[in-house]
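Me: I am new to this structure. Please pick one part, look at it closely, and then show me how the rest is put together.

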Amino acid sequence: MLLSLLWHALFFTALLSAGVIAFALITWLERVEGVNGSPQRLRLQGPLLTALGLALATLPLSLTAAPRWGLAPAAALLIALAWLDWRHRWLPDRLTQPLLWGGLLCNLDARWAPLEDAVLGAVAGYGALWLLNALYRLTQRRDGIGQGDFKLLAALGAWLGWTMLPLLVFLAAAFGLGVALARGLHNRRAWRTPQPFGIGLAAAGWLCLLTGPGSPGPQWNFIYFTASTPHEIEAERGSARFAPFLPCLADGHFSAAGKG
């Protein structure tokens, strides 16, 4: 019991230290890149409180040792990316690339997703937003999504695998819509202000890291998609792995999930 409490305390402290690391990354990047029009100087309390929120979200979960080691550096990068996107509408490659490679390395032993799903997640994450932005540019003659968002979704896809991308984008969009509604109610002019999507992606990514397939916490078994062989389909019929309403694509066969 005492050892378990000590382990939880060390992990909680590691996540809090992620806020300090994120603060150092933000101030270093702002200084090195010479960001113009920088808002008021960032104080340590902001990233530290964000890290506290991320740490509190893990308390109801019984996390094993392996995911804990991956979550702390991921938290530092996500906090830094979210704050930089909020302050400067900027998601630097110096943070999104380590996040992507970290996800692939953590999934060498299928910690969150099989490695092939992680690679496909990175490709699909980037490609989906790139295609959406290309279609928007054809109609509006301007970009609607920043390239940093492409890379951040690719990095999160490398952590979670391609099966979690629909849920991840849905949660990020819902988060962004909630922020836009709150800002619009406070100030009507805020409706016309572009909202940074990276903050929503970072928040949704953290939630999916804690609750997605392969994580030790409660899972979103009713939304994500699963690719299986016919033998696995037969063995898993009626299992919670399959969504009760959404169809699953398995070896070219389109079967209704959840049917006995």
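Reply: Start at Arg-141. Arg-141 sits in the loop between helix H5 (115-140) and helix H6 (147-160). Helices here are DSSP runs of H or I with at least four residues, strands are runs of E with at least two, and both are numbered from the N terminus. This is a predicted model, in which local features need pLDDT of at least 70, side-chain atom pairs count only at pLDDT 80 or more, and totals for chains, interfaces and linings use all residues. Residues are numbered from 1 along each chain as its sequence is written, and side-chain values use heavy atoms, with hydrogens and water left out.

Look at the backbone. Most residues other than glycine have a negative phi. Arg-141 is not glycine, yet its phi is positive, near 65 degrees. Arg-141 has a relative accessible area of 72%, so it counts as exposed. The cut-offs are under 20% for buried, over 50% for exposed and partly exposed in between, with a 1.4 Å probe and protein chains only.

Now Arg-89. Arg-89 also has a positive phi, about 55 degrees, and is not a glycine. Arg-89 lies in the loop between helix H3 (65-88) and H4. Its relative accessibility is 43%, so Arg-89 is partly exposed.

H4 comes next. H4 covers residues 93-106, 14 residues in all, and reaches 20 Å from its first C-alpha to its last, close to the expected 20 Å at 1.5 Å a residue. That expected span is 1.5 Å times one less than the number of residues. Buried residues of H4 include Leu-95, Leu-99, Gly-103 and Cys-106.

Then the packing. H1 (residues 2-33) and H2 (residues 45-57) pack at about 150 degrees, with axes 8 Å apart. H1 is therefore roughly antiparallel to H2. Axes are lines fitted to C-alpha atoms, for helices over the stretch in contact, and angles run from 0 to 180 degrees between N-to-C directions. Under 35 degrees is roughly parallel, over 145 roughly antiparallel, 65 to 115 roughly perpendicular, and the rest oblique. Among the residues in the contact are Phe-12 and Phe-23 of H1, and Pro-47 and Leu-52 of H2. Contact means heavy atoms within 4.5 Å.

H7 (residues 165-186) and H8 (residues 197-211) pack at about 130 degrees, their axes 8 Å apart. H7 is therefore oblique to H8. Among the residues that meet are Leu-171 and Phe-175 in H7, and Phe-197 and Leu-201 in H8.
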